[in-house]
Amino acid sequence: MVLLCLFTHESVQTTCVIKCVCQFQTGGTMSEEPPVTPSWLTPDPTAWASGGGGPMDNSTSLGMFPPDNSLQPSQLPLLVNPWDIVLCSSGTLIACENALVVLVIWQNPALRAPMFLLIGSLALADLLAGLGLVLHFTCAYLLRSDSAQLLTVGLVVASFSASVFSLLAITIDRYLSLYYALTYNSERTAAFTYTMLVLLWGLSLCLGLLPVTGVNCLAEEATCSVVRPLTKNNIAVLSVSFLLLFGLMLQLYVQICKIVMRHAHQIALQHHFLAATPHYVTTRKGVSTLAIILGTFAACWMPFTVYSLIADYTYPPLYTYATLVPATYNSVINPVIYAFRNQEIQKALWLVCCGCVPASVAQRARTPSDV
């Protein structure tokens with residue numbers, strides 16, 4: 001900035017030009033490229049416009065910080081959003097837990113039945129989702145690049161989509177195993193399982209590639225959803241798809257409950273004591289287990305799904321994180337429900353951990369509560 005000052009002396013008129021150059025140092029040169037915000041949320045370009053560090057509005061990203069004119073970019077303080085730390089910690093737990101399941105199924109040749117392939121697909125999807133959360137945190141706060149952000153968000157979207165699709169595939173498999181009990185262990189079942197795996201992973205990969213191939217809001221922040229850089233339309237498609245899948249899973253579990261209760265009733269009539277038979281008690285446990293499975297799935301994903309449909313980037317960031325974090329917990333619970341409760345996987349885990357199988361695990365018979 002050049003200031004030209006002209007002033008006059010009383011006896012001698014002199015014209016002096018005083019040049020005062022004031023340069024705001026931001027790494028030596030001014031860049032026209034907007035800064036990358038290390039957050040899932042849309043940055044607010046006016047957050048620090050007043051220069052006084054005033055309060056941020058609802059669309060402000062939690063990863064922003066006021067500029068310090070005396071520091072180079074490498075010396076600027078990097079404020080870490082505590083919610084991002086929570087997501088990174090959840091991702092680490094998810095990755096470690098599901099890596100154990102994937103390793104056990106991969107190393108045990110006995111676990112090659114369609115049911116275990118689907119459980120392995122679920123564990124692999126959750127494993128990749130956990131890694132995606134960790135990579136997103138790392139890239140956002142270290143690389144601070146839009147390209148890296150798109151890749152990691154694409155990985156997270158594809159992985160969580162594969163996780164939900166795998167849950168649907170497991171539900172379909174459980175329904176078919178009860179409805180076609182006599183022909184379930186045929187080659188047709190294996191071929192159908194492989195077809196489901198190819199379809200679910202192919203569709204999940206397509207959904208994950210959308211942000212990378214240009215369906216994102218980096219060029220126009222006003223189109224952002226509650227999760228940057230996904231657009232409002234993109235996340236609406238994901239949310240509606242989830243609601244449809246949840247409705248289909250609910251219908252299948254209702255049919256499973258009817259089949260299980262009908263079988264239990266027929267067996268109980270043969271013993272003439274409906275409520276006193278052990279099989280009826282275990283069947284009731286099986287129905288309760290199905291209710292817990294479906295209820296847990298809905299409790300984890302439904303808040304974020306509904307919120308992402310009605311909200312946009314102008315909503316408070318706290319609401320986004322408060323609904324997104326519980327959704328990630330579903331991937332923490334999945335191994336407990338679908339893998340660690342399975343008798344065959346329990347045996348494999350005991351062999352891996354201590355080289356032996358307890359008698360209580362080896363002799364436990366499969367019951368309807370294991371559905």
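**Labels and their cut-offs**

Modeller: By the rule that a disulfide is a pair of cysteine sulfur atoms within 2.5 Å, the count comes to one disulfide. Bear in mind that this is a predicted model, where local features need pLDDT of at least 70, side-chain atom pairs count only at pLDDT 80 or more, and totals for chains, interfaces and linings use all residues. Residues are numbered from 1 along each chain as its sequence is written, and side-chain values use heavy atoms, with hydrogens and water left out.

Biologist: What makes C217 and C224 a disulfide?

Modeller: Their sulfur atoms sit 1.9 Å apart, and the limit is 2.5 Å, so C217 and C224 pass. The link of C217 and C224 is right-handed, with 90 degrees about the S-S bond.

Biologist: Why is C88 called buried?

Modeller: Buried means under 20% relative accessible area, exposed over 50%, and partly exposed in between (1.4 Å probe, protein chains only). C88 has 15% relative accessibility, so it counts as buried. C217 and C224 are both buried as well.

Biologist: And what makes C96 exposed?

Modeller: C96 has a relative accessible area of 55%, and exposed begins over 50%, so C96 gets that label.

Biologist: How many helices and strands does the chain have?

Modeller: Nine helices and zero strands. Both are DSSP runs numbered from the N terminus: helices are H or I with at least four residues, strands are E with at least two.

Biologist: Why is α1 called roughly antiparallel to α2?

Modeller: The axes of α1 (residues 82-107) and α2 (residues 114-143) come within 7 Å and cross at roughly 150 degrees. That makes α1 roughly antiparallel to α2. Angles under 35 degrees count as roughly parallel, over 145 as roughly antiparallel, 65 to 115 as roughly perpendicular and the rest as oblique. Axes are lines fitted to C-alpha atoms, for helices over the stretch in contact, and angles run from 0 to 180 degrees between N-to-C directions.

Biologist: What makes α3 and α7 roughly parallel, then?

Modeller: Helix α3 (residues 146-179) and helix α7 (residues 317-339) have axes that come within 11 Å and cross at roughly 30 degrees. That puts α3 roughly parallel to α7, since the cut-off is under 35 degrees. Contact means heavy atoms within 4.5 Å, and among the residues making it are F160 and L167 of α3 and N334 and Y338 of α7.
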